[in-house]
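Hi everyone, thanks for coming. Let's look at this one together, and please take a moment with the picture before I start talking.

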Amino acid sequence: MLHQSGALTKDYFKSYLKLVLNSGDLSIEQAQEIVLQRLFGGDRSALGKESMENFQRACEEIKQIKPSL
């Protein structure tokens with residue numbers, strides 16, 4: 001889990017999600033859960049509201065492009 005030292009960007013989360021998706025045959029939901037556990041420690045409020053909003057935006061964008069990953 002990361003320490004809260006500023007909001008993480010949507011692009012950061014998109015890159016991380018792409019990395020997780022490319023590491024195996026995973027659904028976007030599985031990748032989201034892995035990222036939530038690794039970066040947020042399973043606590044959606046751990047990195048602050050802005051980081052969580054950016055994570056959710058990244059997830060929505062990844063859902064739009066997943067077939068091309």
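**Rings that meet**

Let me begin with two side chains: Phe-13 is buried, and Phe-55 is buried as well. Keep in mind that we are looking at a predicted model.

How accessible is Phe-13? Its relative accessibility is 0%, so Phe-13 counts as buried, the cut-off being under 20%. Now look at its ring next to that of Phe-55: the centres are 5.4 Å apart and the planes sit at 75°, so this pair is edge-to-face. Where do the two partners sit in the chain? Phe-13 belongs to helix 1 and Phe-55 to helix 3 (residues 49–65), so to speak two distant parts of the chain, 42 residues apart, linked by this pair.

In general, we describe a pair of aromatic rings by how far apart the centres are and by the angle of the planes.

The structure holds five aromatic pairs. Another of them joins Tyr-12 and Phe-13, again edge-to-face, with 5.7 Å from centre to centre and 80° between the planes. Tyr-12 has a relative accessibility of 33%, so Tyr-12 counts as partly exposed.

Which residues do the ring pairs link into a cluster? They are Tyr-12, Phe-13, Tyr-16, Phe-40 and Phe-55.

One last stop, back in helix 1 (residues 10–22), where we find Ser-15. Is Ser-15 buried or partly exposed? With a relative accessible area of 48%, Ser-15 is partly exposed. Ser-15 and Ile-62 are 47 residues apart in sequence, and their C-alpha atoms are 9.5 Å apart in space.

Terms used
Residues numbered from 1 in each chain as written. Predicted model: local features only at pLDDT ≥ 70, side-chain atom pairs only at ≥ 80, totals over all residues. Heavy atoms only, no water. Helix = DSSP H or I, 4+ residues; strand = E, 2+ residues; numbered from the N terminus. Buried < 20%, exposed > 50% of the residue type's maximum accessible area, 1.4 Å probe, protein only. Phe/Tyr/Trp six-rings, centres within 6.5 Å; stacked < 30°, edge-to-face > 60°.
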